[in-house]
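Subject: Structure handover

Dear colleague,

I am handing over the structure below, together with notes on what was found in it. Please read the notes with the structure open.

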Amino acid sequence: MFHKLRKFSLGFGLSILFATQAFSQGNPTCQVNVNGNLKRVHVWYSFTNLDTKYSWLMQISNIFENNIGFVDENCHMLDVTQKLELPSNSGKKIGMVVLEEKSFQSIYSFIGVRNDEAIKIVPNKKTACLFVVAPYGPGQMDRTDWKLNNSDCYATDYGTKIYFK
């Protein structure tokens, strides 16, 4: 019995170590000052534009429980009401920070729209992608992805690496 428990503990410990390394490997280390309290980045997201012709406009939205904030690679808070441009063949990292401990009921989204001529036409057929994230525990999240009008977006590495095309 002890042998089985030891094997389980070792496997469980290694899986937590792997998940922690998967979320932190190669990412900036920073803490953000929120009302006098230092908050760490919980998850780093990597966004890559694989489109060779067009930039993509990206926006972050808090959908439920407005207790999540986002920082850039330099650990500066982002204004989620502003669009971020992701030029063709480029990438950027964005970190998610829990500003106020409430629960794991927060839901947020990353929306990307290809910045092409269709964006100005009414009615338009904008090429867009939507990634909805609903964390339910540390390093654990449900995610739903939508591809609109022939977009070819996808996510890898537990949804922390997002690709627009």
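The model is predicted, not experimental. I start with the core. The largest nonpolar core has 23 residues, and the members that touch the most others are Tyr45, Phe47, Phe110 and Phe164. Two or more residues of this core come from each of strands E2 (37-49), E3 (56-64), E4 (68-71), E5 (84-86), E6 (90-98), E7 (107-114), E8 (128-137) and E11 (161-164). A separate second core has eight residues, including Val34, Val41, Val71 and Val97. As general background, nonpolar side chains in soluble globular proteins tend to be buried together.

Leaving aside residues up to four places away in sequence, Phe110 touches Tyr45, Phe47, Gln59, Ile60, Phe70, Cys129, Leu130, Phe131, Val133 and Ile162. Phe110 counts as buried because its relative accessibility is 0%, and the cut-off is under 20%.

Next, the aromatic residues. There are eleven aromatic pairs in the structure. In one of them, the ring centres of Phe70 and Phe110 are 5.9 Å apart and the planes stand at 75 degrees, so this pair is edge-to-face. Phe70 belongs to strand E4 and Phe110 to strand E7, so the pair links distant parts of the chain, 40 residues apart. Phe70 is also buried, with a relative accessible area of 0%. Phe110 has a further edge-to-face partner in Tyr108, at 5.7 Å centre to centre and 75 degrees between the planes. Tyr108 and Phe110 are both buried. One aromatic cluster takes in Tyr45, Phe47, Trp56, Phe70, Tyr108, Phe110, Phe131 and Phe164.

On the strands: five of them make up an open sheet with antiparallel pairing, in the order E5-E3-E7-E8-E9. E5 and E9 (140-148) are the edge strands, each pairing on one side only. With direction ignored, neighbouring strands of this sheet are turned by 25 degrees against each other on average. Within the sheet, E3 and E7 run antiparallel and are joined by eight bridges. Phe64 stands opposite Ile107 of E7.

E11 has two pairings to look at. With E2 the pairing is parallel, over four bridges, and Phe47 stands opposite Ile162 of E11. With E10 (residues 154-156) the pairing is antiparallel, over three bridges. Here Ala155 has Ile162 in E11 as its bridge partner.

Last, two backbone points to check by eye. The hairpin of E10 and E11 has four residues between the strands, and Asp157 there takes a positive phi near 50 degrees, although Asp157 is not a glycine. Asp157 is partly exposed, at a relative accessible area of 38%. Asn89, in the loop between E5 and E6, is not a glycine either and has a positive phi of about 50 degrees. Asn89 counts as exposed because its relative accessibility is 52%, and the cut-off is over 50%.

Regards

Note on methods. Residues are numbered from 1 along each chain as its sequence is written. This is a predicted model: local features need pLDDT of at least 70, side-chain atom pairs count only at pLDDT 80 or more; totals for chains, interfaces and linings use all residues. Side-chain values use heavy atoms; hydrogens and water are left out. A nonpolar core is a set of buried Ala, Val, Leu, Ile, Met, Phe, Trp, Tyr and Cys residues joined through side-chain atoms within 4.5 Å. Buried means under 20% relative accessible area, exposed over 50%, partly exposed in between (1.4 Å probe, protein chains only). Contact means heavy atoms within 4.5 Å. Rings of Phe, Tyr and Trp (its six-membered ring) pair if their centres lie within 6.5 Å; planes under 30 degrees apart count as stacked, over 60 as edge-to-face and the rest as tilted. Two strands pair if DSSP finds at least two bridges between them. Axes are lines fitted to C-alpha atoms, for helices over the stretch in contact, and angles run from 0 to 180 degrees between N-to-C directions.
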